[in-house]
Amino acid sequence: MWRNRDHNLWWSGTAVSALGTSVSRLAFPLLMLAVTGSAAAAGVVGTCASAGLAAGLLPAGVAADRCSRRALLTGASLTQLATTGTVCWAVAAGHPWLPLIAALALVQGLASAVFAGAAAPLVRRIVPRAQLRAAFARAEVRDHSAELAGAPLGGTLFALARWAPFLADALSYAAVTVACLLIRTPMGPDPAERAARRPPLGRDLGAGLAFVRGVPFLRYTLVWSALMNLLFTGVAFMFVVALRHHGASSAQIGSAEGIATACGLGGALACGWVVRRVSGRRLVLLVSWMLVFGVAGLVPLAAWPWAAGLCLGVSIVFVTPLNAVFGAAMVAAVPDAMAARVLTSVNMAVQSCGWLAPVLCGALADAFGVAVPLLTITAGLALLATANHLAPTAGQLDDISGAGAGAGAQDTAEAEDSAGTGPEAADADAHEGTHTDIPKPRVKPHEPTDH
């Protein structure tokens, strides 16, 4: 893996981008809390970003199967550079108006969707199939390391100058843009696929959702991930609000998030050992109940930032192995020819609920205090954990991970026929490609999507 030039470029560029994202993710709610004093106003910015991401994912998947993915990746990164740079300018000039910041967050969410759609098939193009698990493991270490460094760095930079975290994030988008331009491997779609007759756009949009609807495991993954995303997006937002409410400084909040992320990094480093010894169903149940107790513990511990960070961190330590299990299962269950559309369809459905969390939690916190939204989230996690005991599909995680990717070819044909996108509609969809990758739905105390 370390001798693979293109993968190292991709890994390094996205690592820098992930670090910048982690820095600004903490700074956005801190900025709005400092400017407006309202948790609800801080939630509006997060909601706009999530809404843009959810709205853009489905068309982004179609675009990634039709247009140059290199152009989409670089265009999305440059757009994010411009929007984050504008936020930096507005804050430095003393004009961080809520409508402006919210509008920029919406544009950034749309650009994130385009980037995610174009990135979906990339790793399998630059990594041999036999090294996919190693690539997933490296991605987990990359993301958790970036979050571990980004949270305390974001808090420290915000304490030094409110515009500094946004400048750092803007520069990180420049780094990932350069990485995308330097990768030599063709990113696709291949010339034959571009030249092939494509079905109407509406049918192409529905093909990914039709495939998901026809596979029970993917339906389970979609529903479970959507609910977890809704609840844990609220946790990420309320973690900052609750600690700030109890008087924690921005540097202390960043350090607390760093403690939580360090626990996640520990899980990433132990990922291979865990997934070889614990079944997928047991991981689902274990993580579900650990989150219940971890979020409940934030209510009495919010006055002590480091204790709160440790409480949250212990509850998410096995999230990374669970992400790896879901990722391997999705790679096996989804055929190559529909990679971008199926992934973005799942992510779109997952994000369709998460955008509500910041504004709802902010409104509850303003009206009833910071404990009420945390207790509401705890109750939701408990219901979801209970439901997982009754879901037979969760037991299929290990079986699907061990199956060949070709097992989904017949399901693909049936799903595309039901969506009107089978071989009669487009020759390009009548065969499996050879290079795709399906990033997994993520469960973590931040946004469950790529950067």
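Tutor: A residue is called buried when its relative accessible area is under 20%, exposed when that area is over 50%, and partly exposed in between, using a 1.4 Å probe and protein chains only. Cys263, at 19% relative accessibility, therefore counts as buried. Cys361 is buried too, with a relative accessible area of 7%. A disulfide is a pair of cysteine sulfur atoms within 2.5 Å, and by this rule the count comes to 0 disulfides.

The model is a predicted one, in which local features need pLDDT of at least 70 and side-chain atom pairs count only at pLDDT 80 or more, while totals for chains, interfaces and linings use all residues. Residues are numbered from 1 along each chain as its sequence is written, and side-chain values use heavy atoms, with hydrogens and water left out.

Of its 451 residues, 59% count as buried. Its secondary structure comes to 20 helices and 0 strands; helices (H or I, at least four residues) and strands (E, at least two) are DSSP runs, numbered from the N terminus. Contact means heavy atoms within 4.5 Å. Among contacts between residues at least 6 apart in sequence, 90% join residues at least 24 apart.

Consider next the pair formed by helix H3 (residues 69-92) and helix H7 (residues 164-182), which pack at an angle of about 165° with their axes 8 Å apart. H3 is therefore roughly antiparallel to H7. Axes are lines fitted to C-alpha atoms, for helices over the stretch in contact, and angles run from 0 to 180 degrees between N-to-C directions. Angles under 35 degrees count as roughly parallel, those over 145 as roughly antiparallel, 65 to 115 as roughly perpendicular, and the rest as oblique.

On the H3 side the contact includes Leu73, Ser77, Thr84 and Cys88, and on the H7 side it includes Phe166, Asp169, Ala170, Tyr173 and Cys180. By class, this contact has 14 nonpolar, 6 polar and 2 charged residues. Here Ala, Val, Leu, Ile, Met, Phe, Trp, Tyr, Cys and Pro count as nonpolar, Asp, Glu, Lys and Arg as charged, and the others, Gly among them, as polar.

Thr84 lies in H3 and is buried, with a relative accessible area of 1%. Beyond its neighbours within four places in sequence, Thr84 is in contact with Gln108, Phe166, Asp169, Ala170 and Tyr173.

Trp10, in helix H1 (residues 5-36), is buried as well, at 7% relative accessible area. Leaving aside its neighbours within four places in sequence, its contacts include Leu73, Phe115, Ala119, Arg142 and Cys180. Leu73 and Cys180 also belong to the contact of H3 with H7. Trp10 and Ala119 are 109 residues apart along the chain, yet their C-alpha atoms are separated by 10.0 Å.

Burial also extends to a loop. Val127 sits between helix H5 (123-126) and helix H6 (132-160), and its relative accessible area of 3% makes it buried. Leaving aside neighbours within four places in sequence, Val127 is in contact with Met1, Asn4, His7, Leu132 and Ala135. Asn4 is 123 residues away along the chain, with a C-alpha separation of 7.8 Å.

Phe239, in helix H10 (residues 216-245), is buried at 3% relative accessibility. Not counting residues up to four places away in sequence, Phe239 touches Ala256, Glu257, Leu298, Ala308, Gly309 and Leu312.
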